[in-house]
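The following paragraphs lead the reader through a protein structure, from its overall make-up to selected side chains. Please keep the sequence and the model in view while reading.

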Amino acid sequence: MDKKIETYINQIVSQLKCDEDEKREIIDEMQDHLTLLKNEYLDQGFTDEEATQKALASFGEQEPLTKGLQESLFPFFKVSNKDTWILFSLYSLIILFMLLFQRIIIRITDYYINGITYNRYISTPLDSEGVFNFLKFNSNIVPFKNTIAYLTGTHHVNMDIIISNTLGNILIFLPLGIFLPLLFKKYSKFTKVIVASAVISFSIEVLQIVLKIGQFDIDDVILNVIGSIIGYLLLKMIKSVIIFYRKLQIESHEIQ
């Protein structure tokens, strides 16, 4: 590739705040368009040097082009990496509060302030003694057993509980599927997002039953992972739109 074109592209791309994959995509796109422009000028009879200069001039000045490309990376919501970390931290705190800390506070309030001796979060039949029986009554390791029961009405519970235990478990982990690949390069792969989501969800389920602030339900883990998958796919879809938008922007510079 022409050294001047290569330098021109590198000076623009090096200033962009995006991951390496996106930078490579932008470099490839710009190389293709600038090469086409240069070839057009060569066909018109210009020398190699003149064709390069005209192609670069037609493509646009570096500063406004860099700014336009940076904005196109987030056309709908312009947030920096720092902002994303802040949002992720807030999301993590909310998750921990909803699934752990809030339950601990309620349990303490029930017992020490309201004098309620029974635990609202676990089942304790009269004949249940020992760890085995406790786990038997407070664990579900059969996939979709409880979810099917909720949806078919086998468990006679109100609609709020059904929504909370199905749709709620999906939605609560949906942002995780977005944040992981955005903030951590090693989680840019689909399988790694699934594994990370499963580990996080499983750990929360274990903590809930160990602290006796919830039952262990494999359905929760599965639904949480499904939520992360949806979030990951949404991010991929948004990135595809961004790439398409960016191509249009580059092509508009080419036309100008």
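The protein contains 11 helices and 2 strands, where helices (H or I, at least four residues) and strands (E, at least two) are DSSP runs numbered from the N terminus. Read from the N terminus, the elements follow the order α-α-α-α-α-α-β-α-α-α-α-β-α. This is a predicted model, in which local features need pLDDT of at least 70 and side-chain atom pairs count only at pLDDT 80 or more, while totals for chains, interfaces and linings use all residues. Residues are numbered from 1 along each chain as its sequence is written, and side-chain values use heavy atoms, with hydrogens and water left out.

Of the 256 residues, 36% are buried; buried means under 20% relative accessible area, exposed over 50%, and partly exposed in between, with a 1.4 Å probe and protein chains only. Contact means heavy atoms within 4.5 Å. Among contacts between residues at least 6 apart in sequence, 68% join residues at least 24 apart.

A pair of aromatic rings is described by the distance of the centres and the angle of the planes. Rings of Phe, Tyr and Trp (its six-membered ring) pair if their centres lie within 6.5 Å; planes under 30 degrees apart count as stacked, over 60 as edge-to-face and the rest as tilted. The whole structure holds 10 aromatic pairs. In one of them, the ring centres of Phe88 and Phe184 are 6.2 Å apart and the planes stand at 75 degrees, so the pair is edge-to-face. Because Phe88 lies in helix H5 and Phe184 in the loop between helix H9 (167-183) and helix H10 (190-210), this pair ties together parts that are 96 residues apart in sequence. Phe88 is buried, with a relative accessible area of 14%, whereas Phe184, at 25%, is partly exposed.

Tyr91 and Phe179 form a tilted pair, because their ring centres are 5.7 Å apart and their planes are at 35 degrees. Here Tyr91 in helix H5 is linked to Phe179 in helix H9, 88 residues apart. Tyr91 is buried at 12% relative accessible area, and Phe179 is buried at 11%. Ring pairs join Trp85, Phe88, Tyr91, Phe179, Phe184 and Tyr187 into a cluster.

Helix H5 (residues 81-113) also contains Arg107. Arg107 is buried but has no salt bridge, and the nearest side chain of opposite charge, Asp110, is 5.1 Å away. A salt bridge requires a side-chain nitrogen of Lys or Arg within 4 Å of a carboxyl oxygen of Asp or Glu.

Note on methods:
Lys and Arg count as positive and Asp and Glu as negative; His and the chain ends are not counted.
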